[in-house]
Amino acid sequence: MPHSTAPSPALAGAALPLPAAVDVAIIGGGIVGVATAWRLARAGMRVAVFEKGTLACEQSSRNWGWVRTLTRDLPEVPLAIRANQLWGEIQAETDVGFRRTGILYLQENDADAAAHEAWVGKARVYGVDAQLLGRQAALPYLPASRRAWSGGLFSASDGVAEPQLATRGIAALTRAAGGQIFEHCAVRGIERAAGRVAAVITERGRVQAQAVLVAAGAWSRLFCGNLGAEFPQLKVRGSVLRTAPFDAGLHVTVNGKDFTCRKRADGGYTVSQFGSSMADLVPDSFRLMRHFLRPWLANNTFVRLRLGKRFFQELALPRRFPADRPSPFERHRVLDPSPSRRGVEQAWQRLVQAFPVFQGASIAQSWAGYIDVTPDALPVMDEVPGTPGLFLASGFSGHGFGIGPAVGEAMAALIQHRAPRADMHAFRFDRFAA
């Protein structure tokens, strides 16, 4: 959901002075950057987060709010399991809206059932909590439906958190642990010494740092490219709607194949669909075609392409810029795209068609956000080759919110030169070099 661009009261007027030096500087105040800062601050490290807008002003506050293990790419499953544990711990300390609602992926035919069974067969080695439900076991979770659901894939321990609460809640824990957070303070670039990271250059001045984490979401490619690091990432616009408070008798979080629906803490529902995602054709679409063409052809029912004014906006965006003058990050602090009217209308129609009880609900708001996408839909979580001390955590491809706390834990371990709990090989930076 669109987030206020006004600074929080504690930071109004950029009142907090910048530190001269920190151990770790984090670029980006979304769920990943803030969760990493929280883990580092708890470990006693001097850490500062620099956000060009306000905390979670982009995709971290605009996503579906799902906390799931189900149907994830297998390398993400251990992170998802760990994240479910961490969300519970965070909720015990501060309200982030985390609830174990259960998540149910519905199925209508033998092909759906076979896909679910195949995923469970592969993921069970990680100890995932997943059940294959037949029709009679699945229907009690649902309101009366016009569709002939044959069952589903269910996890009772999966759930939701509230994107409007989560990042700011973890930020409060970060500050309590000694971490610093600076909103409306863009990082323009980094400074190197003896080949490694030495400082970040912000719009308010220089801050010495032994390590820097780029967790800038859809902006990460532009930032890395200015440093000479080629990161293949594009933006996909996802559109979402919410209802006014309403009791549909649906409390489990549902993926109905062509719509999704989950109960919100405010009593309404968040509704979307995979087919409401849209990729604007931009200059990077052509620069990165060799990476993205094959994945797009394989998934063109989920993401539609569009040529519009965004092409010319990004064409005018400088790809190289100095750190001693205003950067693109200051000229356009928040990506706030309009939602796809067609996409949200289709999602709503499909929900109402599936569950007629929603005819009594009213749509309160719709919004959109830019999802940071990689060619294989897996993030990069790694030290950037060639620049010791520079780390990247981006390209989460719409999967980042739910695993955010575990990503923060893993990135904190990497930055401290410790082995993360999860195998990080699939998330290395250089996998796109070939």
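Predicted model: local features only at pLDDT ≥ 70, side-chain atom pairs only at ≥ 80, totals over all residues.
Reader: What makes the pair of Trp87 and Phe401 tilted?
Author: The ring centres of Trp87 and Phe401 are 5.4 Å apart, and rings pair if their centres lie within 6.5 Å. Their planes are at 40°. Stacked needs planes under 30 degrees apart and edge-to-face needs over 60, so the pair is tilted. By this rule the count comes to 17 aromatic pairs.

Reader: Where in the chain do Trp87 and Phe401 lie?
Author: Trp87 is in helix H2 (residues 77–93) and Phe401 in helix H12 (residues 400–415). They are 314 residues apart, and the pair links distant parts of the chain. Trp87 and Phe401 are both buried.

Reader: What does the pair of Tyr141 and Phe154 tie together?
Author: Tyr141 lies in the loop between helix H4 (135–138) and strand E6 (151–155), while Phe154 is in strand E6. The pair therefore ties together parts that are 13 residues apart in sequence.

Reader: How do you know whether Tyr141 and Phe154 are buried or exposed?
Author: Buried means under 20% relative accessible area and exposed means over 50%. Phe154 has 5%, so Phe154 counts as buried. Tyr141 has 32%, so Tyr141 is partly exposed.

Reader: Which residues do ring pairs link into a cluster?
Author: Trp219, Phe223, Phe321 and Phe329 are linked in this way.

Reader: How do you know that Arg39 lies over the face of Trp38?
Author: Arg39 is at 5.3 Å from the ring centre of Trp38. The rule asks for CZ of Arg within 6 Å of the ring centre and within 35 degrees of the ring normal. Arg39 is listed as lying over the face of the ring.

Reader: What makes the contact of Glu191 and Arg206 a salt bridge?
Author: Their side chains meet at 2.9 Å, N to O, and a salt bridge needs a nitrogen of Lys or Arg within 4 Å of a carboxyl oxygen of Asp or Glu. Side chains of opposite charge can pair when their charged atoms come close. Glu191 is in strand E9 (residues 187–193) and Arg206 in strand E11 (residues 205–214), so the pair ties together parts that are 15 residues apart in sequence. Glu191 is partly exposed at 31%, and Arg206 is partly exposed at 43%.

Reader: Why is Asp324 called exposed, and Arg325 partly exposed?
Author: The cut-off for exposed is over 50%. Asp324 has 59% relative accessibility, so Asp324 counts as exposed. Arg325 has 49%, so Arg325 counts as partly exposed. The side chains of Asp324 and Arg325 meet in a salt bridge at 3.5 Å, N to O.

Reader: How do you know that Arg341 and Glu345 are separated by about one helical turn?
Author: Arg341 and Glu345 are four residues apart in helix H11, which means about one helical turn. Their closest N and O atoms are 3.1 Å apart, and the limit is 4 Å, so the two form a salt bridge. Arg341 has 65% relative accessibility and counts as exposed, whereas Glu345 has 36% and counts as partly exposed. Elsewhere, salt bridges that share partners join Glu108, Asp112, Arg147, Lys257, Asp258 and Arg350 into one network. A search of the whole structure finds 28 salt bridges.

Reader: What is noted about the phi of Lys257?
Author: Phi of Lys257 is positive, about 80°, although Lys257 is not a glycine. Lys257 is found in the loop between strand E13 (253–255) and strand E14 (260–263). With a relative accessible area of 32%, Lys257 is partly exposed.

Reader: Why does Ala354 count as buried?
Author: Ala354 has 0% relative accessibility, and buried means under 20%. Ala354 therefore counts as buried. Ala354 is found in helix H11 (residues 341–354).

Note on methods:
Residues numbered from 1 in each chain as written. Heavy atoms only, no water. Phe/Tyr/Trp six-rings, centres within 6.5 Å; stacked < 30°, edge-to-face > 60°. Helix = DSSP H or I, 4+ residues; strand = E, 2+ residues; numbered from the N terminus. Buried < 20%, exposed > 50% of the residue type's maximum accessible area, 1.4 Å probe, protein only.
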